[in-house]
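Reader: I am new to this structure. Please show me how to read its features, one at a time.

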Amino acid sequence: MKTLMAAVMVAALAWTGSALAAERPRCAVPDYLLLSEYRLNRVFAAVSKQPQASLRIAVLGTGSSALAGPDGPSSAYPARLEASLNQRLSGVPVKVITLLRTRMTAEDLSKDMGRLLVDERPDLVIWQTGTIDAIRRIDPDNFKTALEEGVERLHNGGADVILMNMQYSPRTESMIQVGPYADVMRAVAQHYEIPLFDRLGIMRHWSDVGAFDLYAAGKDNVLAARVHDCIGRAIATLIIDSGRLQAFQLRAAQ
Amino acid sequence: MHSPVVVATTTGRDLRLDLFRGIALWLIFLDHIPSNVVSWITIRNYGFSDATEIFIFISGYTAAFVYGRAMRERGFVVSGARILRRAWQIYVAHIFLFAIYMAEISYVATSFENPLYAEEMNILDFLQNPDQTIIQALLLKFKPANMDVLPLYIVLLLWFPPILWLLQRVPTAALAVSVAIYVAAWHFNLNLASYPSGVWYFNPFAWQLLFVFGAWCALGGATRLGPVLRSRVTLWIALAYIAFAFVIALTWYVPGLTRYVHLPTWVENVIYPIDKTNLDVLRFAHFIALATVTVRFVPRDWPRLNSRWLRPAIVCGQHSLEIFCLGVFLAFAAHFAMVEVSGEVWMQFLVSALGIMIMVATATLIAWYKSLEGRSPTARPKQADADLAGGEA
């Protein structure tokens, strides 16, 4: 009888366990991949400012920060990030604007920063870069210099910075060597003590655990939109954690 | 089929060289397959140096062994000409691999429609100016991913005749020249230019140190170092350094370990970045430490060297140019199979195992061809022997 009860309990526990796992979004990210020890102080100041709290975020990036098609702008990660933050932060309107420059290297992107800072006055800039530099095989030292100049320009312009690296793209992995560029981005982020959103590691994790089939070659807009939704939510979590915004978070939306 | 080993042992060839070069070729192959779980076994994850160091050192050692004898017996011009012919063969092999790479990348670029990767589909961007790019590839300035080792090897061989000449007369001076070039490369940032920008991934001015050091060891340096290598103190220093490198390497891969292994900032400032392009001193020292320990526990007359279990690695090491090129191609093919069929773990094991089996089978086949040629009545036995070894320098 005892054995039977134990068996039933184990089965019940296993069932609740799997039910909980199923409820968790498929794109869960382990903390060590996502969270950063560095703080976003300007974000905290903007959100805690009384009486008019608000948060302005600018995404500065290349083609992989966008999706094509009529639903593209609303399904790409910048829009998903905005939706996720607005849902999770109470009483803080969040605005995410994007400045996209397709086929641009880090050096090209950093030239646009002055205007971005003046026009938009963002509290936080998410700088997505590296892919084009890797494709064109720009010298990693030049890439590093461009990154450093860009980060300093953004800091001087009064914005917090998050660096975002490349996508994990298994199909082109043997042709585009992103490794050295990802290493440079990690080093620069550490040097300036700013968070790095490790898109490469996170997407690789999703691929490894089977959350998404990133090997797919076909024209699958649903997959692309899902991945971007997950990226947007993950960045929202990083911003809340690094900006110490937990106090502003709605309990229900967690 | 046993002839290569028989020939090798009778001419005093050190089978350890073939064994470890063969293993290095396997490891390079495994490391070149992206997202391959099997590459966790390769040494780059457990210390500072990787299989490239083994490959370049042993290549320098065997080049000196083979061409050094040719230079003593037939003079500078003949051996120099043979070294240049070898460099030409490697150049042709490199261009052949480039053609295969172009075929693969063009196919992938046109068959890839996933909207998530619109940006990565621009992989052919580098071909915006094909006239430029292809000429730069012929000039060894444009080198696709994973194709950096052969150009390094070509440059090392082009420079080898004079250094070999000096090594045979005043070995210490040759080594001093090599060290001076290495130091100058670091001090003045010497490197060859790449296309479209940047420098060579393997800086020949730095990596020549390992090649020349290998050659120096082959021409009597190893004997001179004997007392040092046999000392207990050396062994303990080497083991301690390997352990240190192992702990540092672990912190790269095990998140959270930094909480227990906290390096003082000044240590971090000293060791990082560990520069592969310029053959960081830490990498060089790590290779020397590994070699010291290996030489101690695997003596030249180790009976197992003739065991059939080590034959597959030895036969690969004896035909290193062919097997290296095959490995680069197989890594492309393995990745292609993973992309087209499945990228799951079982597939990663399968393509890794299959690739090594193909390398071994091909090496065995080449050995068989060479043994046929060696037995043919027109070939003088001595010539065949030089070819066997000379073909592998």
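This is a predicted model: local features need pLDDT of at least 70, side-chain atom pairs count only at pLDDT 80 or more; totals for chains, interfaces and linings use all residues.

Reader: How should I read the side chains of a strand?

Author: In a regular strand, side chains alternate between the two faces of the sheet. Take strand 3 (residues 124-128) of chain A. A:Leu124, A:Ile126 and A:Gln128 point one way, while A:Val125 and A:Trp127 point the other way.

Reader: Is strand 3 of chain A enclosed or open to the outside?

Author: Five of its five residues are buried, so strand 3 of chain A is largely enclosed by the rest of the structure.

Reader: Which strands pair with strand 3 of chain A?

Author: Strand 1 (residues 55-61) of chain A pairs with it in the parallel sense, over four bridges. There, A:Val59 has A:Ile126 as its bridge partner. Strand 4 (residues 160-164) of chain A also pairs with strand 3 in the parallel sense, over five bridges.

Reader: Which residues touch the most other members of the largest nonpolar core?

Author: They are A:Leu163, A:Ile235 and B:Ala215, in a core of 176 residues. Helix 3 (residues 51-74) of chain B provides the largest share of this core, with 14 residues. As for A:Ile235, leaving aside neighbours within four places in sequence, its contacts are A:Tyr77, A:Leu81, A:Ile126 and A:Phe197. A:Ile126 is also one of the buried residues of strand 3 of chain A.

Reader: How do I describe two packed helices?

Author: Two packed helices are described by the angle between their axes and the distance between the axes. In chain B, helix 4 (residues 76-111) and helix 14 (residues 320-340) pack at about 5°, with axes 10 Å apart. That angle makes helix 4 of chain B roughly parallel to helix 14 of chain B. By class, their contact has 11 nonpolar, one polar and one charged residues.

Reader: Which residues of these two helices meet?

Author: From helix 4 of chain B they include B:Ala93, B:Leu97 and B:Tyr101. From helix 14 of chain B they include B:Cys325, B:Phe329 and B:Phe332.

Reader: How many residues of chain A are in contact with chain B?

Author: In chain A, 34 residues are in contact with 29 residues of chain B. Helix 12 (221-242) of chain A and helix 8 (131-135) of chain A each supply at least two residues of the chain A side. Helix 12 of chain A gives the most, with four residues. By class, the chain A side divides into 14 nonpolar, 12 polar and eight charged residues.

Definitions and conventions
Residues are numbered from 1 along each chain as its sequence is written. Chains are lettered from A and ligands numbered from 1 in the order in which they are written. Axes are lines fitted to C-alpha atoms, for helices over the stretch in contact, and angles run from 0 to 180 degrees between N-to-C directions. Angles under 35 degrees count as roughly parallel, over 145 as roughly antiparallel, 65 to 115 as roughly perpendicular and the rest as oblique. Two residues are in contact if their C-beta atoms, placed from the backbone, lie within 7 Å. Ala, Val, Leu, Ile, Met, Phe, Trp, Tyr, Cys and Pro count as nonpolar, Asp, Glu, Lys and Arg as charged, and the others, Gly among them, as polar. A nonpolar core is a set of buried Ala, Val, Leu, Ile, Met, Phe, Trp, Tyr and Cys residues joined through C-beta atoms within 7 Å. A residue is buried if 20 or more other C-beta atoms lie within 10 Å of its own, exposed if 12 or fewer, and partly exposed in between; C-beta atoms are placed from the backbone. Two strands pair if DSSP finds at least two bridges between them.
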